[in-house]
Structure formats: C-alpha cells, structure tokens
Amino acid sequence: MGKIYEHIVNLITNQIQDHGIVVWYDPEEAYVDFVKGLDIPDTKVISFDGSFFGLRAQIEPFLEFITEQGEPNPDCEVPPKLLVYVPMARSDTHHALIEAECAGVVMEPGSKALPRNTRLRVIAEQVFKKIAPHKVDEIRSGIDKGTLNLKELDRLSTELEESITGTIKIIFNTSDFQDVALQFAASREHDKAIQEKSALPELSDLFKKHLDLNINPSSELKEARKILLRTLLLTDLLADLSEESIPKALSSVPVPEEESYKN
C-alpha cells in the first residue's frame with residue numbers, strides 16, 4: 001500500500017472512530033476498486049449495488065444503535081462502525097440514506113471539511129506536498145487531464161517516497177530530492193554529517209538517478225559540489241535558450257531531463 005492509499009484509509013478510519021457511521025459518495029467512481037479491497041478493523045463496509053432498498057436493509061441493523069436524535073444509544077453494548085460506499089453523487093440519491101447520514105457523517109468530493117473531502121485532486125495534493133513538493137503541479141495536471149488515476153498515483157507516491165530513504169533522509173531531513181540537491185549545492189552545512197556517515201556514495205547514486213550526473217563516490221565533497229553546481233547552472237542557462245541559440249560548445253553538455261530542473 002502506497003502513501004495515497006494509506007492517506008485515504010487514515011481519513012476514513014478517523015471519521016469512523018469519531019462518528020461511527022460514514023456515508024461515502026463517489027460520483028466520479030474514482031475509488032471503486034479501492035473499496036473492494038478495503039479492510040478496516042471492526043468495521044463493516046457496505047457498497048451500493050444498484051438497489052437502495054437492498055442497501056437500506058443492510059444498514060438497518062446499525063441504525064438500531066442510534067436514537068431518534070441521531071446520537072449513539074447509551075444502552076448499546078457495541079457502537080456502530082460502518083462505512084457505506086455509494087459510487088454516485090449525493091444529490092442523485094433523493095435522500096435515500098438520510099438516516100445514516102444524520103446518524104454519522106458524509107464524505108464526498110468538495111466537502112467543506114478537508115478531512116472529509118475525497119476529491120482525488122485534493123487527496124493527491126495533500127500527500128505529494130509532503131513527499132515531493134516539486135511534483136505537485138505535474139501531479140495536479142495529470143489528474144485534471146485524466147492521465148493519472150488512483151492506482152497510478154499510489155504507485156507513484158511509493159516510488160517518490162522510496163527515492164530518498166535512510167541516511168540521506170536523516171541528514172537533510174527531507175524526502176524531496178530537489179531539496180537535497182539544492183541544500184547540498186548551496187551550503188556546506190551538512191558536510192560533517194555526510195562525512196561521518198560516509199553518505200557520499202548514496203548521495204552520488206541519487207544524483208545519477210535524478211540528474212544522470214556521474215560523481216565519483218570517493219571524491220572530495222568540494223569537488224562533488226562543484227560538479228553539481230555546474231550542472232544546475234548549465235541546466236538553468238540552457239533551459240532559457242532555444243535549440244538554435246545554444247552555443248556549439250554547450251550543445252553536447254548533458255542536462256537533467258526532469259522538468260523541475262529546467263524551470
């Protein structure tokens with residue numbers, strides 16, 4: 001399970017813990033496959049299968065724990081824990097689940113309460129702002145264009161989260177490669193920690209992976225920083241030039257392909 005799935009599960013679990021019953025509307029059907037494999041401890045997950053009569057019949061036993069005022073019955077031994085998933089807009093249900101809504105809480109795209117807003121774009125922004133801030137605009141654009149679905153976003157979140165782990169993450173206190181590169185290029189603040197933890201080989205691997213930059217893992221930090229700075233500065237220069245105006249002497253200079261280093 002990647003960071004996206006993990007984030008959604010946490011949102012749902014927190015709402016169930018706080019409110020007992022959650023009615024989740026998904027008009028874009030973005031989470032159909034996700035819900036099929038959803039397993040929350042001590043929680044019943046019921047999905048709409050085309051019949052509100054059938055759905056209400058399944059929900060009814062859980063409403064026995066609720067008073068007419070929509071509060072948990074103080075005499076009930078087991079509080080209700082229920083997730084009702086409806087892959088359609090709330091406005092299209094003609095209030096078929098009003099009792100469950102009143103007894104619990106509603107999650108849906110566009111909810112004014114951020115923890116209950118399940119719009120895929122909003123979910124993705126929250127996750128990627130933490131693990132890869134430089135990728136947020138690209139992710140947002142992919143969702144808007146329909147080229148990134150939930151499964152793909154979850155896979156991508158895992159790849160980006162795992163791109164910086166262990167020693168480097170501890171030294172630079174970030175999972176964002178761009179932050180690591182810029183911190184290392186701009187300052188010698190972390191040099192002592194890099195040397196003490198023998199972290200230059202791991203740092204070199206990251207530069208190779210993200211920038212296609214070859215830095216000898218046994219070189220001096222001063223030399224490694226010089227190579228990185230030269231690459232970043234040349235990338236910034238070439239990004240502002242058209243192919244026709246690039247000097248011949250620089251035409252063969254390798255530059256990173258990631259868009260975040262060309263802007």
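How many residues has α1, and what does it reach from its first C-alpha to its last? α1 has 17 residues and spans 24 Å between those atoms, close to the 24 Å expected at 1.5 Å a residue; the expected span is 1.5 Å times one less than the number of residues.

This is a predicted model, in which local features need pLDDT of at least 70, side-chain atom pairs count only at pLDDT 80 or more, and totals for chains, interfaces and linings use all residues. Residues are numbered from 1 along each chain as its sequence is written, and side-chain values use heavy atoms, without hydrogens and water.

View 1. Helices are DSSP runs of H or I with at least four residues, numbered from the N terminus. Just after α1, G20 adopts a positive phi of about 85°.

**View 2. The largest pocket.** A pocket is an open set of points on a 1 Å grid over the protein atoms alone, where a 1.4 Å probe fits, with protein on both sides within 12 Å along at least five of seven lines.

**View 3. The pocket lining.** Lining residues, those with an atom within 4 Å of a point, include K3, H7, V127 and E161. Two or more come from each of α1 (3–19) and α5 (120–131), and α1 gives the most, with four residues.
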